[in-house]
Amino acid sequence: MITLSNLIYRLPGGVAQGLIWGIMALGIYITFRVLNVSDLTVDGSFTTGGAVTIMCILAGVNPILALIISFIVGILTGVVTGLIHTKLKIPAILAGILVQFGLYSINLHIMNMSANVSANPDRFNLLISMRDVPNAILIGIIISIVHIAVLYWYFGTEQGSAIRATGNNNNMALAQGININNMKVIGFGIGNGIVALAGGLMAQYQGFADINMGRGAIVIGLAAIIIGEVVINSIFKKGCSFYTRLTSVIIGGILYYIAMVVILWLRIDSNDLKLFTAIIVTVFLALPNLNVKKGGKQNVKN
Amino acid sequence: MAVFVWRGIMKKLLTIILSLLLAVTMTACKTEVKEEEKFVIGICQIETHAALDAATQGFKDALIAEFGEDKLVFIDGNAAGDPATCATICNGFVADGVDMILANSTPALQAAAAATTTIPILGTSVTEYGVALNIENFNGLTGFNVSGTSDLAPLDEQAQMILDIMPDVQVVGILYCSSEANSIYQVKVVKEYLESKKVTVKTFAFADSNDIYLVTGQAIEECDALYIPTDNKAASSAEIIDSVAFPAGVPIFCGEENTCLKCGIVSLAINYYDLGVTTGQMAIKLLKGEVKIEEMPIEYFSNPVKKYNKEICDALGITVPDDFIPIGE
């Protein structure tokens, strides 16, 4: 059964899922790279997005509108993290963990206290579904392009530039008269809004929302960002534009899932998947730093 | 400098990965021809867990007993607890064109059902198919390519068991994990039954193994007896529950045998291995073409066995009726 043709047939499914996780990784990119903080809210807000989307669809809401509602609810979760971080002076990483922890209960309430809610693709009109992988890939690409375009435009505006400045150098941004606390809250909000939207896409794709669906989302997102950076840095050696970087995140998500498909195709025990992921992310995070020690120039930001 | 080192590493990595891929495909191609007449069955299981493993094993054993090991190919997929990985695994099965999918647990069943409308899917360790697949007015037949076995023990009989053994019970606490879809359904049914018998019911939900200790502590203070449904988290943390409830002398009634073995006094046991065997027998009928999956009703575990934990019962001074048999005999 382990044949090349099998692998090729399996790839489209991996690409479709990779696109969804790539979109989620765009949200993490905003906090992790643009704002330069680690936001752990995402494990919770991804599930929130899935839960809100499925409950909306069950209530007869149009699937695209359901995604938009998820996006807005996701922004709220990020804003809460941002406010805890900026107003209560709690370190960002801790603020994220706290919100993510609390979201578990909120997500259960959203799903009417059940751990798992399904939207049968036969009965409900879903935007994407595993039933139709080519369509899922097409929609995934369209949504990715929309995200990249909007983010590219937004981070070119005055407010977007202020967010980037805040991430680059807090003190400098402050000296320029930027309200860095507000910029952080906005950054957390947008990031988690995108993550929640991706959660909604995932829930539609797999046909259900589950209280555990966000588990490990941050690691997958970081993996996608880092794999994307490795690819982009090996192609564009003299730096590249912001939209290329955003695209690389999506590509990173796809590559991550292709790796996953290969691992499953090779019949490697998937109980070991998480260890593999952790090792791969650690290695890719560490490599640029190790190069610096050897006297080379740092080629990846941070 | 860094760039060169980097490129060197990347090139080597790529070479290694490509040659590995090639090697694997070459060896795999050789064996492929023999697999033509075999039944290929994809097994998607949400996580490694004693009860789920037993169901998978029972399923495999039943099929092997019927067809023999060399006529069957099992592709094992374990999602390590991530529902999204079930989707990846099931997508893979559809791409492989397997003959049948065994979906072990609720998220696995949902992912399989979302992935294909043509390949027959048998579920097991799923409690309520109607809820899991969002079917209105579910009557035991899905009407599409899904059937299987339910691990639902007769809940009213379980609830009655509490009343039989402790006729004077005033307050029963139900302890369960809030992240398990199956448990929430069972809690609802048992609660309704006990309340109809004028027993006060309090529910105690824990989110994960970290808060079991505290939640159980709260439960034993407020209740005369506890009931634990068929719940994966409770089963895997039964020792913690025991370490709190046993010293306090609060008896625990269990929905499932593994939990009862570690912390309970009695259970109306479902045997997951046998449940897997039943699922396997359904698979045999399907693979032989004797019946269509659309016409195959969900099967329930027919004769749950009344079992008791001798050690804990003796220690708490509880005598059980004669038709209960000790666990392990």
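Colleague: Two strands pair if DSSP finds at least two bridges between them. With that settled, how many bridges join S12 to S13 in chain B?

Modeller: Strand S12 (residues 305-308) of chain B is joined to strand S13 (residues 325-326) by 2 bridges, and these two strands run parallel. Strands here are DSSP runs of E with at least two residues, helices are runs of H or I with at least four, and both are numbered from the N terminus. Please note that this is a predicted model, in which local features need pLDDT of at least 70, side-chain atom pairs count only at pLDDT 80 or more, and totals for chains, interfaces and linings use all residues. Residues are numbered from 1 along each chain as its sequence is written, while chains are lettered from A and ligands numbered from 1 in the order in which they are written.

Colleague: Which residue in S13(B) is the bridge partner of B:Lys307?

Modeller: B:Lys307 has B:Ile325 as its bridge partner in S13(B).

Colleague: And S10 to S12 in chain B, parallel or antiparallel?

Modeller: They run antiparallel, and 4 bridges join S10 (residues 266-269) to S12. B:Val266 stands opposite B:Tyr308 in S12(B). S10(B) is also joined by 2 bridges to strand S9 (residues 252-254), this time in parallel. There, B:Cys254 has B:Ser267 as its bridge partner.

Colleague: What is the order of the strands in that sheet?

Modeller: The order is S7-S6-S8-S9-S10-S12-S13 in chain B, an open sheet of 7 strands with mixed pairing. S7 (200-206) and S13 each have a single partner strand, so one side of each has no neighbour in the sheet.

Colleague: Changing topic: which domains is chain B divided into?

Modeller: Chain B is divided into domain 1 (37-151 + 274-297) and domain 2 (155-269 + 304-326). Those bounds come from an automatic or database domain assignment. The centres of the two domains, taken over C-alpha atoms, are separated by 30 Å.

Colleague: How many residues are in contact between the domains?

Modeller: In chain B, 8 residues of domain 1 are in contact with 10 residues of domain 2; contact requires that the C-beta atoms of two residues, placed from the backbone, lie within 7 Å. On the domain 1 side there are 3 nonpolar, 3 polar and 2 charged residues. For these classes, Ala, Val, Leu, Ile, Met, Phe, Trp, Tyr, Cys and Pro count as nonpolar, Asp, Glu, Lys and Arg as charged, and the others, Gly among them, as polar.

Colleague: Which residues touch the most other members of the largest nonpolar core?

Modeller: They are B:Cys44, B:Cys90 and B:Ala112, in a core of 189 residues. A nonpolar core is a set of buried Ala, Val, Leu, Ile, Met, Phe, Trp, Tyr and Cys residues joined through C-beta atoms within 7 Å. Buried means that 20 or more other C-beta atoms lie within 10 Å of the residue's own, exposed means 12 or fewer, and partly exposed lies in between, with C-beta atoms placed from the backbone. H1(A) gives the most to this core, with 16 residues. Both domains of chain B contribute at least three residues each. Beyond its neighbours within four places in sequence, B:Cys90 is in contact with B:Cys44, B:Ile101, B:Ala111, B:Ala112 and B:Ala115.

Colleague: How many helices and strands does chain A have?

Modeller: Chain A has 11 helices and 2 strands. Its radius of gyration, taken over C-alpha atoms, is 19 Å, close to the 19 Å given by the globule rule for 302 residues, so chain A is as compact as a globular protein of that length. The globule rule is 2.2 Å times the number of residues to the power 0.38. Buried residues make up 55% of chain A and 49% of the 329 residues in chain B.
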